[in-house]
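Visitor: I would like to learn how to read the features of a model such as this one, going from strand pairing to the chain as a whole. Could you take me through them in turn?

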Amino acid sequence: STQSRSSAASDVYKRQVWIPPGEWSDIWTGEIVTGPKTISVTKPPEQIPAWFKRGSVLVTDGTKNNLRLETQDWSELTIEAFPSSFVDSAERLVYEQEHAAHPTADPTIVTLSTHENGSVSLSMSATTEPRSWVVRLNLKSSEYFVPDTDSLLKMSEVQHITPMITCDGSYFPLIGQGSAPPCHAGSVAEFKLSPVKESRSIQGK
């Protein structure tokens, strides 16, 4: 990308950024852009232009004030999923920490899929130790997630967290459980899965 400093009073930078094919959500505002194309982006210096690909899935750790991998508590992890508007599937592999009670070469596989009928499914393969998951489905504007009957038996009640009211620069991405999405995003459908070792799958529309 190329960048230049704006002559406006506020300290912002304007950049030309190439967007790859697909749907992408701005991590700071939630606005969606479809590539491939080059766009002009204006951001303050503390906000690096970046996007989440719709159809992707991330796994994050919620241990507070701890950036060291070996001392993080992985008994509960957070899944940040961004369902696509199209038929799609993506995986994320989670390898256990080296100091885990039962370290293994086989990772936990987290899979996000969008199907022809518009439904969304999320599956997690078996884990070596009981693990709970906080699931956050980052929806597009006007979307709402309703789990199917079988899924309701495996999960806590779904909470739809609405976006921040203003775009005042106070938003920060990937804070985790209970955090509101950015001002131009859809709601986040958040729920929790209790700690077990077995594989599990959730589906809904």
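This is a predicted model: local features need pLDDT of at least 70, side-chain atom pairs count only at pLDDT 80 or more; totals for chains, interfaces and linings use all residues.

Visitor: In what order do the strands of the open sheet lie?

Guide: The sheet has five strands, which follow one another in the order 5-6-10-12-11, and the pairing among them is mixed. Strand 5 (57-61) and strand 11 (159-161) are at the edges, and because each has a single partner strand, one side of each remains without a neighbour in the sheet. From one strand to the next, the twist averages 25°.

Visitor: How many helices and strands does the protein chain have, and how do they run from the N terminus on?

Guide: The protein chain holds one helix and 13 strands, and read from the N terminus the elements run β-β-β-β-β-β-β-β-β-β-α-β-β-β. The radius of gyration of the protein chain is 18 Å, close to the 17 Å that the globule rule gives for 205 residues, and the chain is therefore as compact as a globular protein of that length. Along the principal axes, the C-alpha trace spans about 55 × 40 × 30 Å, and buried residues account for 43% of the 205 residues.

Visitor: Is Glu23 buried or exposed?

Guide: The cut-off to keep in mind is that a residue counts as buried under 20% relative accessible area. Glu23, which has its place in strand 2 (residues 13-26), has a relative accessible area of 10% and is therefore buried. For a sense of its position, Glu23 and Arg136 are separated by 113 residues in sequence, while their C-alpha atoms are 19 Å apart in space.

Visitor: Which residues make the nonpolar surface patch?

Guide: Leu93, Tyr95 and Ile109 make this patch, whose area is about 270 Å². Ile109 belongs to strand 8 (residues 108-114), and with a relative accessible area of 31% Ile109 is partly exposed.

Visitor: Turning to the backbone, which residues does the cis peptide bond join?

Guide: For a peptide bond, the angle to read is omega. The cis bond joins Gly35 and Pro36, with omega at about 10°, and Pro36 lies in strand 3 (residues 32-43).

Visitor: Where is Ser142 found, and what is its phi?

Guide: Ser142 is found in the loop between strand 10 (131-138) and helix 1 (149-152), and although Ser142 is not a glycine, its phi is positive, at about 75°. With a relative accessibility of 81%, Ser142 counts as exposed.

Visitor: And what of Leu174: where does this residue lie, and what is its phi?

Guide: Leu174 lies in the loop between strand 11 and strand 12 (188-196). Its phi is near 60°, which is again a positive value in a residue other than glycine, and Leu174 is partly exposed, with a relative accessible area of 40%.

Notes:
Residues are numbered from 1 along each chain as its sequence is written. Side-chain values use heavy atoms; hydrogens and water are left out. Two strands pair if DSSP finds at least two bridges between them. Helices (H or I, at least four residues) and strands (E, at least two) are DSSP runs, numbered from the N terminus. Axes are lines fitted to C-alpha atoms, for helices over the stretch in contact, and angles run from 0 to 180 degrees between N-to-C directions. Patches are made of residues with over 30% relative accessible area and no salt bridge: like charges are joined within 9 Å, nonpolar side chains (Val, Leu, Ile, Met, Phe, Trp, Tyr) within 5 Å. Accessible areas come from the Shrake-Rupley method with a 1.4 Å probe; for residues, only the protein chains shown count as cover. A salt bridge is a side-chain nitrogen of Lys or Arg within 4 Å of a carboxyl oxygen of Asp or Glu. Buried means under 20% relative accessible area, exposed over 50%, partly exposed in between (1.4 Å probe, protein chains only). The radius of gyration is taken over C-alpha atoms; the globule rule is 2.2 Å times the number of residues to the power 0.38.
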